[in-house]
Structures are given as C-alpha cells and as structure tokens.
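Thank you for making time this morning.

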Amino acid sequence: MLEGTKLLTKEETTKVIEAMGKIFPEAKAELDHKNAFELLIAVILSAQTTDIGVNKVTPGLFESYPTPEKMMNATLEDLEDKLKTIGLFRNKAKFIKRTATKLVENFHSEVPSNRKDLESLPGVGRKTANVVMSVAFDEPAIAVDTHVSRVSKRLGIVEEDASVLQVEKTLMEKIPESLWSIAHHRLIFFGRYQCPAREHDHEECIAVLKENM
C-alpha cells in the first residue's frame, strides 16, 4: 500500500503508473522479435521461463523456422533440441508446432489480431493473447503476469485475493485506456528491477514512487 489500508483510487493509480514511466522510461517488451509470428512464439515459450532464457533460444529457432509453414513441418525432435535449455521444452515444442500448423490451416499463415482467434491457438491463453494484441497490433490491452499481479496487489491497486482476471479488470477500470499497454510494461519493469518478489526494503520502493509522483 502507498498509504494506509484503502485501495488506490483511479487518480492515484494513474499517478503511480506515470511515476513508473519516469523511473523506467525504456519499459517495453523484452522478448526479442521481428514480427508478430516471432512475438507469438516467444511469448508461448516464455511461460515459466525468463525472457533472457527465451532470447537465448529464439535466434536459432527462427533462423531454422522463420515462418509458420517451416515451423509446422519441423520435427518435434529438432524443436525440442533447440528449446532444451528452457523449462517445459517438450510441451512447448508441441505447442509451437501445433500453433504454426493452425496458423497455416486456419489463418492463411497470419497471426490473428483479436483475442478469440488468438486464444484458439495451442499454448495461447489470455495473457499471451493480450501481449500479442498490445505489442504486435497496438491494441489497448493489459497482460497480467506474475510481476503485474504481485506489484498491483503490493501497492494496493487491487485486492490481495484478486484472481488474474480480476486484476486485469481492475487495472482496466483504474487506468486510462491510453495507458493500458504501456502500464503492463511499467508494472513488469517495476516488479523486475525495483520491487522484486524476494525480500527487500519495500519502503524504498514506495519512496522512489513518491519522488516521481
């Protein structure tokens, strides 16, 4: 909480997001990608894996399989070999092969830009769909990952027991739509580089925010 025990108001929440923008003006997606297809695959691979870990395997992956058609025709063995340094690599190899196949067969090899179609792809949930919509297609969306959820609760923007969907809905209610997409990145950067999950002096996090409000 910033002050007391009450949840932050819309105005206070917006000020917090704007303060985070001053602290981390470079906040953006940290998954390396050149197009919507690469972003989609990278986000699928990022589940329970660091962005750094994903960025180490995707150059070789995309060099061999730069299009849905090529990835669709890849062998699972080769995909697994290219992904073996990241968590859940066997399942992820299956997901990206099936996703590539569905893109070719159902979407003319193009990544869809709407949530319903994105969530129809193997390995794609609401968070992944929101990231792709926001980053690849500039659609207003807030993707809730562990950083976004934890920081939002720690600062008193949302209730402590809020579900992922409740966190997303509350953030959408309290933050102007024009800031939705960038708010996602600012919350991640704040959680990753200023207010981590490990034990730390949280008062310093609050002080840094107040200095920039």
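How do the residues of the lining of the second largest pocket divide into nonpolar, polar and charged? Before I answer, a word on where the values come from: this is a predicted model, in which local features need pLDDT of at least 70 and side-chain atom pairs count only at pLDDT 80 or more, while totals for chains, interfaces and linings use all residues. Residues are numbered from 1 along each chain as its sequence is written, and side-chain values use heavy atoms, with hydrogens and water left out.

The answer is 6 nonpolar, 5 polar and 2 charged, where Ala, Val, Leu, Ile, Met, Phe, Trp, Tyr, Cys and Pro count as nonpolar, Asp, Glu, Lys and Arg as charged, and the others, Gly among them, as polar. A pocket here is an open set of points on a 1 Å grid over the protein atoms alone, where a 1.4 Å probe fits, with protein on both sides within 12 Å along at least five of seven lines, and lining residues have an atom within 4 Å of a point. This second largest pocket holds about 190 Å³ of space, and of its 13 lining residues, Ile44, Ala47, Lys92, Phe95 and Gly123 lie nearest its centre. Two or more lining residues come from each of α2 (36–45), α6 (89–106) and α8, the helices being DSSP runs (H or I, at least four residues) numbered from the N terminus.

Turning to the largest pocket, we find about 590 Å³ of space. Its lining has 26 residues, and Thr49, Asp51, Asp145, His147 and Arg192 are the closest to its centre. Helix α11 gives the most to this lining, with 6 residues.

Now to the aromatic rings, which pair if their centres lie within 6.5 Å, with planes under 30 degrees apart called stacked, over 60 edge-to-face and the rest tilted. There are 3 aromatic pairs by this rule. Phe24 sits in the loop between α1 (10–23) and α2, and Phe189 in helix α11, 165 residues apart.

Phe24 counts as buried because its relative accessibility is 10%, buried meaning under 20%, exposed over 50% and partly exposed in between, with a 1.4 Å probe and protein chains only. Phe189, at 4%, is buried as well. Phe24 also pairs with Tyr193, and this pair is tilted because the planes lie at 45°, with the centres 6.4 Å apart.

Methods
Points joined across faces, edges and corners; volume = space filled by probe spheres on them. Phe/Tyr/Trp six-rings, centres within 6.5 Å; stacked < 30°, edge-to-face > 60°.
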